[in-house]
Amino acid sequence: FGCPAGEPVLSVDVSARGLVATAGSDGEVRLWRVQLGAEDPNETFVYVQDLSAHSKPVNVVRFSPSGETLASGSDDTMVMLWKEKPSLDGSAPQWGAVASLRGHCADVYDLCWSPDEQSLLSGGVDGTCIVWSVHRGRPQQTFRDHEHYVQGVAWDPRDDYLVSVSCDRSARIYAAAPTKAKGGPRDFKCTSVISKRTETVLVSKPHPKRVEISPSISAELERAAHEMPVSENSLQAESAPAESKPNDSEGASSGSAADQCNSDGEPVHSMQDEAHGITHGLESNEDGAERAEMAPKTDGMEASEQPDRVQLSDEIGQLEQVDKAEAADRAESTQAAAVETTESQKSVRLFLDETVPSFFRRPSWSPDGNLLLLPCGQHATADGAAVPSTLVMARGALNAPCAQLPGPAKAVVATRFCPKLFE
């Protein structure tokens, strides 16, 4: 059906007049007529004729909404227009070429008619989309926004939007600008790029480990630090400058009695005597007492009665063990709270990449224009694997999909609505 054995059929389209057009890698366009109600199923499609004008594989064929004109796009960079022509000898009319549209510099991958049949939209390997004026036979507007092959195009049935899909993993929506003159050509501007969506995901991670010391244990550690013994050498170093030699003391106490008394006859002490007295008091009272207290009492005493550094270290170790035990109890009782859950924004690509083994990503509008289908989509499963799907876009929100249709094991490369609107 369509192409010789072994040659792939690349495009099929049905007209409102009951004709079927097929195209493939053999470079030919073939027309078939549908006979409904045929007794033999093999007679449902009746061959009509071949349309030969392209020199390379034909990638796409599209009938105009009325079915009067057929457009075809090929690897030879040309877009051909075909119409039915009456025969001169009175035989059945034949289809023939009426125009060739030249503007692409590489393979043409997809075509779509405007609702009024006055314009045609094409996309190709050169990364451009061209809006053609059918009457003039030349480009009306060219878009060069995509960064890779344009593999699919669609024209809104309400004549407000154009859609292009590329293997650069994006789809673009072009909105029609208001016309300056009634019935004049319109300009389209890109208003939306569909490529990624942002998802909110929950991320769970453990709290950072930290040591918490209870107030009671902290107070005990602070008290133990203040009571830490001071070595005898440090005390001697502090008291050494305050000691006086006997000769110095005698010299300081020599002198006349008159020099050491005031006018009332009371003794007068010099600053040196006061300092000597203070130092002597510290040495005789405090230093002696501290030395007696801090001297190691090893005679007749148990090892556990010695308030030395080893005993203090053991006490601190016991306090730390108690603190660890309390921390373990708290961790066990609040195990569920030990995991922190936060919200994170994740960017997810909507389309499969260019490794998809296909030349086409053909979108389509529903007959009423309320829905748009975008092929070569993908969605992530629970385990994070990418599964092929078809993106469903609502007319009022063309910047993000409203639903996804799970596809087969391989990527979806073409979509098409039933032309009949069901209510």
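Q: Is Glu68 buried, exposed or partly exposed?
A: Read relative accessible area: buried is under 20%, exposed over 50%, partly exposed in between (1.4 Å probe, protein chains only). Glu68 has 40%, so Glu68 is partly exposed. This is a predicted model: local features need pLDDT of at least 70, side-chain atom pairs count only at pLDDT 80 or more, and totals for chains, interfaces and linings use all residues. Residues are numbered from 1 along each chain as its sequence is written, and side-chain values use heavy atoms, with hydrogens and water left out.

Q: Which residue forms a salt bridge with Glu68?
A: Side chains of opposite charge can pair when their charged atoms come close. The rule asks for a side-chain nitrogen of Lys or Arg within 4 Å of a carboxyl oxygen of Asp or Glu. Glu68 pairs with Arg17, the closest N and O atoms being 3.3 Å apart. Glu68 sits in the loop between β5 and β6, and Arg17 in the loop between β1 and β2, 51 residues apart. Strands here are DSSP runs (E, at least two residues), numbered from the N terminus. Arg17 is partly exposed at 46%.

Q: How many salt bridges does this rule count?
A: The count is nine.

Terms used
Helix = DSSP H or I, 4+ residues; strand = E, 2+ residues; numbered from the N terminus.
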